[in-house]
Amino acid sequence: MNKSSFFIIGQHAVIEALRNPKRKVLRVFLTEESKKNIHKKSPDKNLLNDVKVYFKTKKELDKYSTRENLQHQGYVAEVEHIQKPILKEYIKEKNNVTLICLDGVTDPRNIGSLIRSAASFDIDGVIIKERNFPSESKLMYKAASGAIEYINIFEVSNINSTLKNLKEKNFWVYGFDGDGKEDFTDIEWKGNNILLFGSEGSGMHKHTSKYADFLVKIEINEKIESLNISNSASIVFHHLSYLKKKS
């Protein structure tokens with residue numbers, strides 16, 4: 001087995017990995033039913049060309065997902081990592097870039113859900129601390145529902161120095177905080193922007209929040225203390241997508 005390979009599970013995660021020309025899929029484990037479904041989903045292209053396919057029963061595939069208590073839906077694949085994009089190269093000649101930066105967010109389900117929302121609303125990429133990114137998590141891939149194949153994930157060694165460098169390259173940093181002075185919908189959202197989200201428990205690290213040019217919030221009623229980070233992010237991404245289409 002290739003040392004750089006790992007397993008992903010779930011219909012959307014596996015099918016989108018097969019569709020991604022940048023993703024090397026080594027082996028696919030399918031039930032007879034899931035194979036038929038793959039051909040229905042992609043009638044014009046055989047996604048299983050040049051891939052080793054093994055047919056298994058649902059029970060045989062359970063061993064790949066019971067530990068995480070996930071539903072494999074009849075789809076399991078062994079894949080390799082995509083080559084990591086380099087942030088400084090990506091932003092070189094681009095304008096009006098919107099990136100998410102995750103400070104202390106470690107839960108694979110939240111990261112996967114957030115990636116799914118970001119890809120859905122055309123966010124340009126996600127910045128995350130290298131050691132906090134669960135790059136081989138079945139849970140993250142399942143929660144992302146295939147969207148991880150369509151967005152740039154920038155793994156960095158230090159969030160604070162990354163934000164400092166981006167600010168020097170004309171990026172505005174907006175930290176999302178319940179105590180922010182301004183509602184995020186009141187911002188014009190022009191130019192290059194970083195959307196900085198902290199962890200659900202403790203929020204942004206105090207030192208990291210100092211790199212935010214503005215602290216903004218999502219207005220919610222007084223009955224609810226706060227929103228899940230993936231829900232918060234989806235609200236923000238949708239608003240920014242709406243503004244972009246409107247302009």
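The largest pocket of this predicted model has a volume of about 680 Å³. A pocket is an open set of points on a 1 Å grid over the protein atoms alone, where a 1.4 Å probe fits, with protein on both sides within 12 Å along at least five of seven lines. Its volume is the space filled by probe spheres set on the points, which are joined across faces, edges and corners. Lining residues, defined by an atom within 4 Å of a point, number 22 here, and Phe176, Asp177, Gly178, Ser226 and Leu227 are the closest to the centre of the largest pocket. By class, this lining has 9 nonpolar, 7 polar and 6 charged residues.

The second largest pocket holds about 490 Å³ of space. Among its 20 lining residues, those closest to its centre are Ile82, Gln83, Pro85, Ile151 and Ile153. Its lining comprises 9 nonpolar, 5 polar and 6 charged residues.

Attention now turns to two helices, which are DSSP runs (H or I) of at least four residues, numbered from the N terminus. The axes of helix H1 (residues 11-19) and helix H2 (residues 32-41) come within 12 Å and cross at roughly 55°. Gln11, Ile15, Leu18 and Arg19 of H1 make the contact with Asn37, Ile38 and Lys41 of H2, where contact means heavy atoms within 4.5 Å.

Residues are numbered from 1 along each chain as its sequence is written. Local features need pLDDT of at least 70, and side-chain atom pairs count only at pLDDT 80 or more, whereas totals for chains, interfaces and linings use all residues, and side-chain values use heavy atoms, with hydrogens and water left out.

Terms used:
Nonpolar A, V, L, I, M, F, W, Y, C, P; charged D, E, K, R; others polar. Axes fitted to C-alpha atoms, helices over the stretch in contact; angles between N-to-C directions.
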